Structure formats: C-alpha cells, structure tokens
Amino acid sequence: MTAPKRIAILGSTGSIGRAALEVIAASPGAFEVVALSAFSNSTLLAEQTARFGAQRVAVGDEAGNARFPPGVVVQRGARALEELAGDPDLDLVLNAVVGSSGLKPALAAVRAGSRVAVANKESLVMAGELLMPMASATGSELIPVDSEHSAIFRCLKGTRREEVEGVTLTASGGPLRDMSPEASAAASLEDVLDHPTWDMGRKVTVDSASMFNKGLEVVEAHWLFDLPYDRIRVVVHPESIVHSLVRLTDGSLLAHLGEPDMKVPIQHALFYPDPAPVAFRRCDLGAIGRLSFKPLDETRYPCYGLMVEAGRLGGTASTIAATADEVAVEAFTEERIRFGQIASVIEEALDGVSVAPADDMDHILAAEDEARACALRVVAQLAN
Ligand code: NDP
Ligand code: MG
C-alpha cells in the first residue's frame with residue numbers, strides 16, 4: 001500500500017475546502033491532512049482540525065479564539081498562510097482561498113516545488129506570467145480544480161499538441177441569464193446569489209452572474225494550457241453537464257461530461273496522477289434528456305469583456321481588473337452599489353491605473369494596491 005499523500009488545504013472552511021474534506025473522508029487512508037486554514041471561521045476550522053487530525057492551522061488576524069486540539073500549532077495572519085503553503089514536506093497543496101489573498105500562498109507552494117491543486121483562479125490571473133515559468137523551474141505541477149479547466153486537462157491527456165486547435169469553455173449563463181439586460185443591471189443580491197446549477201461561495205457566485213468569472217476562466221485557461229486568447233472560446237450551456245471541450249484540427253470535439261458537482265474535479269486533482277476512485281454522482285444522459293448550447297452574447301455581460309480584454313492586454317492589467325472586481329463585488333454584497341455598477345468600477349480602474357509588466361511580484365502587488373484604492377474611490381462616488 002502506498003503512503004498517504006500529505007496535503008494542506010488552504011481555505012478549508014469555504015465551499016471548495018469543505019467539499020475537499022468530504023472527498024478525503026470518502027477515501028480513508030489515501031490522505032494525511034497536515035494543515036488547514038480559514039480566515040474568520042475558527043469554530044469550523046477547529047472542528048475540521050479535530051476530525052482530520054491536522055497538525056498546523058493558519059487563521060486571519062481577526063479570527064476568534066476557538067479551542068483547537070492539544071498540540072496543534074495555530075498561527076495568525078497572511079504571512080502564516082504563506083508559510084504553511086510553502087512547507088516543502090507536503091505532497092500537495094489545495095489552494096481554495098478566495099480572491100487575491102490566494103496569490104502569495106500560491107507563489108510559496110510553487111516555489112517549494114509542491115504539486116498544487118488550483119481552485120484559486122485569481123492567483124493565476126494575477127501572476128500567471130510569474131507562476132508558470134516558476135512551476136517549470138521548480139517542478140511544481142499545477143492541477144486545475146475549476147470544473148472547466150479540469151475537464152480540458154482530462155481531455156488533453158488523450159491528444160497530441162499538434163491536433164489541438166483550441167478549447168471551448170462552457171458557461172451556464174448564471175442566475176440572470178433569462179432576465180433582460182435592464183432588469184439584470186438592477187438585480188437584487190438575492191437574485192444574484194440564486195445560481196441555477198452550482199452551489200458555490202459568494203464571490204464566485206456573483207462573478208458567475210456577471211460572467212466576470214468566465215473572463216477569469218479564459219485568462220486561467222490561457223496560462224494553464226499555454227494557449228493564445230484567439231484559441232479560447234466560450235459557449236453558453238445552461239445545463240452545466242458538458243464541463244468544457246477541446247477542439248481538434250479535424251473539426252471534431254472532445255468533451256468531459258458529468259453532473260455539476262465540484263467533488264468530481266476536486267477528487268481528480270487530489271488523486272492525480274492516480275485515478276479518482278469514488279463516483280459521487282453518476283451522469284445519466286437518459287435521465288437528463290436534453291443538452292442545449294447557444295453563443296455567448298457579450299453585450300449582455302460587460303464584465304466578461306473587460307476581464308478578457310485585460311488578459312489580452314497582458315502585464316498587470318488582469319491584476320487591475322481582478323482587484324477592482326473584488327472591491328466591486330464586496331460593495332455589491334453589502335448593497336452599496338447596484339449589480340450593473342460592478343462593470344463601471346472595473347472599467348474605471350482599468351482606465352485609471354497604469355499597466356506594468358507582470359514578471360515581478362512587486363509590480364503585481366503595486367498594481368493591486370493602486371487598483372484597490374482606485375476602485376474604492378469609484379465605489380464611494382457611486383454609493384453617494
Ligand atoms: P468561499 O468564500 O466559500 O471560501 C473561501 C475560503 O477562503 C474560506 O475558507 C475563507 O475562510 C478563506 N478566506 C476568505 N478570505 C480570506 C483571506 N483574506 N485570507 C485567507 N483566507 C481567506 O470560496 P469558494 O470555496 O467558493 O472559492 C474558493 C476559490 O475557488 C475561489 O478562487 C473561487 O473562484 C474558486 N472556485 C470555486 C468554485 C466553487 O464551486 N465554489 C468553483 C471553481 C473555482 P472563512 O470561511 O473563515 O471566511
Ligand atoms: Mg468554473
């Protein structure tokens with residue numbers, strides 16, 4: 001029998017983190033949970049630590065004082081999370097932290113040469129230019145967790161590079177897909193959080209409604225699969241059964257299908273390169289009956305276009321767009337700005353902050369700071 005894989009789960013209290021622990025619980029003996037992290041939910045983190053026997057945890061500075069099992073090392077702050085991610089004795093790091101706070105831990109794990117299961121797409125979007133060459137240099141493998149990228153990763157395994165014309169990401173269209181553009185600009189928080197097919201954390205759910213998420217995913221695909229932007233397409237597929245496709249040079253397609261359940265791509269990434277053993281939900285096409293597709297109407301989703309444009313522009317433009325979106329989504333979830341104003345915040349940040357090369361962490365962090373300050377100013381004006 002092979003030794004259990006030593007894993008750290010960054011963001012174990014979130015939607016992906018909790019699903020990952022379910023995956024681990026379903027395969028006893030396959031993993032040793034070495035470290036876990038949360039930002040504020042120290043109560044759940046303490047429960048997870050006791051149940052899975054983690055030895056080390058990181059929490060945010062402001063987290064409460066939950067009681068951890070005796071002997072567990074508890075550290076606080078962003079630096080502690082980075083240190084935990086950079087432990088060279090890990091076999092695998094699952095980066096399931098939300099937003100730009102996933103960037104430094106991603107860098108630490110890649111620098112340590114660990115295999116990284118990438119749920120935190122923002123780290124690749126902001127620093128793909130830095131992370132991908134670093135991964136090649138240290139031997140760190142990046143295994144996608146995002147369902148679309150996991151699907152493509154799996155389809156690519158059966159192809160030769162020369163026969164790949166490009167990839168097509170599927171998009172559910174999100175909870176507002178049947179609303180008029182006017183109604184969706186004024187959509188309530190409740191409408192936006194009511195995703196039709198996927199059950200996810202708040203930020204990614206809002207980003208799915210605006211399709212900013214699909215823009216992030218296009219940039220994520222650009223870095224993960226080393227593809228130019230004109231070879232990455234998006235198609236709307238409301239049932240979320242076809243998770244994404246690879247287009248071949250002979251005009252045919254390879255697809256990966258399954259029920260919309262994040263445990264499938266998570267399990268694939270955690271077990272990789274070994275086969276994932278558990279069928280959480282089987283995909284029964286006879287019961288599903290019908291799959292439909294339609295082209296993406298970009299005019300309905302300005303946030304999508306802004307993110308892809310920033311990706312194409314290169315350098316720190318994608319950091320500026322991603323950071324402005326993070327600020328805008330927070331303001332929207334606090335009901336300080338309207339849903340339709342998220343795009344204005346991103347657009348103004350892209351106009352107001354100058355773009356630098358993204359081959360240096362200092363440039364990326366400076367762009368993040370400037371974009372955050374600019375977006376906060378725009379939000380304050382809009383909220384007035
Ligand atoms: P959640 O909001 O559910 O969870 C986020 C996790 O990160 C929690 O553990 C949270 O801790 C922690 N966290 C929050 N803020 C910080 C911070 N500033 N510093 C350190 N840790 C922090 O997010 P999701 O699980 O939905 O998403 C995680 C990532 O995975 C995102 O990048 C998302 O885009 C991506 N993803 C998610 C999918 C999904 O189905 N949910 C699908 C594909 C990708 P606490 O609980 O204490 O707040
Ligand atoms: Mg996705």
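A: Helices (H or I, at least four residues) and strands (E, at least two) are DSSP runs, numbered from the N terminus. In this predicted model, local features need pLDDT of at least 70, side-chain atom pairs count only at pLDDT 80 or more, and totals for chains, interfaces and linings use all residues. Residues are numbered from 1 along each chain as its sequence is written, chains are lettered from A and ligands numbered from 1 in the order in which they are written, and side-chain values use heavy atoms, with hydrogens and water left out.

The chain has 16 helices and 12 strands. Its buried residues (under 20% relative accessible area, 1.4 Å probe, protein chains only) make up 55% of the 384 residues.

Around ligand 1 there are 24 residues, each with a heavy atom within 4 Å of the ligand. The closest are Thr 13, Phe 39, Ser 40, Asn 41 and Glu 122. Helix H1 (15–25) and helix H5 (121–138) each supply at least two residues of this shell. By class, the shell has 11 nonpolar residues (Ala, Val, Leu, Ile, Met, Phe, Trp, Tyr, Cys and Pro), three charged (Asp, Glu, Lys and Arg) and 10 polar (the others, Gly among them).

Polar contacts are pairs of N or O atoms within 3.5 Å. An oxygen atom of ligand 1 lies 2.6 Å from a polar backbone atom of Ser 40, and an oxygen atom of the ligand is 3.4 Å from a polar backbone atom of Ala 119. In the side chain of Ser 101, an N or O atom is 3.5 Å from a nitrogen atom of ligand 1. Of the 900 Å² of accessible area (Shrake-Rupley method, 1.4 Å probe) that ligand 1 has on its own, the protein covers 85%.

Terms used: A polar contact is a pair of N or O atoms within 3.5 Å; within protein, one must be able to donate a hydrogen and the other to accept it, and residues adjacent in sequence count only if both atoms are side-chain atoms. Buried means under 20% relative accessible area, exposed over 50%, partly exposed in between (1.4 Å probe, protein chains only).
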